[in-house]
Amino acid sequence: MERDHIRKLASAKPIQAVAELIWNAVDADATRVDLEIDSDDIAMRSVTIRDNGHGIPHSEVEAVFGKLGGSWKAHGSRSKSKGRILHGKEGKGRFKALALGRVADWTIRFRDSGKLYGYKITVIRDDLVDVRVTDPVEVEQRLKTGVEVRITELDRVYRSLDPQYAVQSLSEIFALYLTDYADVGIFIEGERLDPSKAIASREKFPLSPITDDGKEYPAEVEVIQWTAASERWFFLCGPEGFPFQRLTPKFHTPGFQFSAYLKSTFIGALQEQGLLDLAEMNFPLQAAYDEASEVIKAFFKTKEVEAAQSEIDQWKAEEIYPYRFEPLTTVEKAERQVFDIVALNVNKHLQDFGEQSRRTKAFQLRMLRQAIERGPDELQHILTEVLDLPERTQKELSKLLEEADLANVISASKLVADRLKFVYGLETLLFDPDSKKLLKERSQLHRMIAENNTWIFGEEFNLTVDDQSLSEVLRKHRKLIGDDTMIDQPVKRIDGKVGIVDLMLSRSVPQNHADEREHLVVELKRPSVKVGADEITQVKKYAFTVAHDERFRHLKTRWSFWVLSNDLDAFARVETRQKGKARGQVFQSEDGSIEVWVKTWAEVLAECKSRMKFVQEHLQANVDKESSLRYLKKTYEKYLTGVSEIEQEDSVADEAVAQQEDAS
């Protein structure tokens, strides 16, 4: 057996590794499998999977641990005593234990000729071929058969194995198996997996056969909708529904949490050949995945429409729906659609809305209709009458409206949400391996920031000059200090060339004298460009030009010059860590009026997020990568053409989601 091949078998993610060991247990006819984690305040010490299956006879150890493909499973598709369909037929799963830690010990008990025997197997990751097996000894009859796998010298603390995460993850993997075999119990730290409690619905859909080399393989997709789940998953399974690989769906189903199980003998064949890791490159399998994706999207779209129509029909039956006749004109149809969307969202997000009296609900829906037909001026009615805010919140809103216009409050909330989307979307573009190679400095990155987004450097930087020479920077400064200062010749850099400033931002510093000013000049670099000696020299030349110009030398003005990119080279890292200077500062004039800094985007975005953290937590704004990228794509489409991370988004799905978000 090739050592490299075994090492590959010993690699897996934590949940996958544990799942393989549990599969081994249930394939051995176990009726109870326990996962236990031994942790203390310092670290996670061990992971143990214990079962009450029939164990492994000592005579089969060499076949089970010494030869891949030589296990008893290969001789039949059913388990020995209970006739269960087997998950694995090649004996590979046992090596996944070493994906968690350096040492794995199997303590095994089995029956032979009416007697109970026990022995131990030890495998160390440093030498996977050297399997250490003790001789079998007879043990007390009161003990039961089974296997205990204990993994020690763990590589790290596995948060995914914490019960609060592992219960849902393993429920999704074993959902089909546990519903088919009710006599099996899987326990995580004593808590039994019971997927049925978390399943909202379960549906099967036939798919077109998978065709490969002229042979057809039947296929179907089974969809389980969860009442609650952390993420959406798509599993590639054998024909019995045993998951071999887990993927993240590339499509959207807003409001629905699900796991999809694509089942086919073709997938089972790929697994046996070791080709399933290349699933994305397998055209027949990708065609089946695409068909299954369309089936799932259509299924949840139908459920969404049915749920919405059912609720509206109920309102009509109760005679509380505020419209008596069907819409006739285009405008009426549009208003009706907006009303239905908003009303359904109110019903969905306000738990006590459906519990109100018929008269109260009728009044609230009438007020909602009036608010929509009359426009934003009626929004206060939505907040107080339709949404029935708690008395304390109404008082807080009333006090707020005494000091600020409601429209401004709403605008401020939207501004914060949009800024959060911009920051998280920009972070993705700057650091994603694909998009950062394509993101252009002036035509894309520069333009997005210059277009009303200079606040990322600080709220005080509110005036911008875009792509102008240094002389234009000085003209902008002249407007702040007074028109008496004349600028009649272009200002040259020390090397004699006309300077180009990528982005100039200006702020007025609160001081005792109104004529005091502070300016920030930012030299933006492409994310793929590391700041080094050349970039630092360039920004210093900008600084020295201002310092040597007699027209500004004695004015009450502070200048800060930045060079900004994703990363620094070795030279720049040394330059930015000088004794006696703040981190990032590479120059400061004697009087402190001129400073030169080297900044990374990680530092700028971290400071920006820190400033908005308090507001974000209180708004409870849900900002993730997908919504942030949608926002950038929609708002800055003219600048972002060609950036892969944006282009790869599903435009049809994005538009539908965006419309739903805008409407709600």
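The following legends describe close-up views of a predicted model of the protein.

**Figure 1. Overall composition of the predicted model.** The protein comprises 664 residues, of which 46% count as buried. Its secondary structure consists of 22 helices and 22 strands. Among contacts in the protein with a separation of 6 or more, 67% are made by residues 24 or more positions apart. The protein exposes about 34,800 Å², and carbon and sulfur atoms supply 48% of that area.

**Figure 2. The largest nonpolar core, viewed around Leu170.** The largest nonpolar core contains 62 residues. Within this core, the residues with the most contacts are Val47, Trp106, Ile151, Leu170 and Phe174. When neighbours within four places in sequence are left aside, Leu170 is in contact with Ile15, Val18, Ala19, Ile22 and Leu35, and also with Ile188 and Leu193. Another core, of 28 residues, lies apart from it; Val221, Leu270, Leu285 and Phe300 are among its members.

Figure 3. Strand S22 spans residues 594–600, and seven of its seven residues are buried. In a regular strand, side chains alternate between the two faces of the sheet. On one side of S22 are Ile594, Val596, Val598 and Thr600, and on the other are Glu595, Trp597 and Lys599; all are buried, so that both faces of the strand are covered. S22 pairs with S19 in the parallel sense over seven bridges, and Val598 in S22 is the bridge partner of Val563. Strand S21 (residues 585–588) pairs with S22 in the antiparallel sense over three bridges. Gln588 stands opposite Glu595 in S22. The hairpin of S21 and S22 has five residues between the strands, and there Gly592 takes a positive phi near 80°.

Figure 4. Ser560 belongs to strand S19, which covers residues 557–565. With a relative accessible area of 7%, Ser560 is under the 20% limit and therefore counts as buried. Apart from neighbours within four places in sequence, Ser560 is in contact with Glu518, His519, Leu520, Val521 and Glu595. Of these residues, Glu595 is also one of the buried residues of S22, the strand that pairs with S19 in the parallel sense.

Figure 5. Side chains of opposite charge can pair when their charged atoms come close. The model has a count of 18 salt bridges. One of them joins the side chains of Asp130 and Arg132, at 3.7 Å from N to O. Asp130 is partly exposed because its relative accessibility is 36%, and Arg132 is likewise partly exposed, at 47%. A further salt bridge is formed by Glu294 and Lys297, with the closest N and O atoms 3.1 Å apart. Both residues lie in helix H7 (residues 283–317), where they are three residues apart, about one turn of the helix. Glu294 has a relative accessible area of 49% and is partly exposed; Lys297, at 23%, is partly exposed as well.

Figure 6. In the salt bridge between Lys540 and Glu575, the closest N and O atoms are 4.0 Å apart. This pair links distant parts of the chain, since Lys540 lies in helix H16 (residues 533–548) and Glu575 in helix H17 (residues 570–575), 35 residues apart. Lys540 has a relative accessible area of 19%, which is under 20%, and so Lys540 counts as buried. Elsewhere, a network of salt bridges links Arg202, Glu220, Glu222 and Lys263.

**Figure 7. A nonpolar surface patch that includes Leu278.** Leu275, Leu278 and Met281 make a nonpolar surface patch of about 330 Å². Leu278 is located in the loop between helix H6 (265–272) and H7. The relative accessible area of Leu278 is 47%, and this residue is therefore partly exposed.

Definitions and conventions
Residues numbered from 1 in each chain as written. Predicted model: local features only at pLDDT ≥ 70, side-chain atom pairs only at ≥ 80, totals over all residues. Heavy atoms only, no water. Core = buried A, V, L, I, M, F, W, Y, C linked by side-chain atoms within 4.5 Å. Buried < 20%, exposed > 50% of the residue type's maximum accessible area, 1.4 Å probe, protein only. Contact = heavy atoms within 4.5 Å. Helix = DSSP H or I, 4+ residues; strand = E, 2+ residues; numbered from the N terminus. Pairing = 2+ DSSP bridges. Areas by Shrake-Rupley, 256 points an atom, 1.4 Å probe, with all protein chains shown as cover. Patch = residues over 30% accessible without salt bridge, like charges linked within 9 Å, V, L, I, M, F, W, Y side chains within 5 Å.
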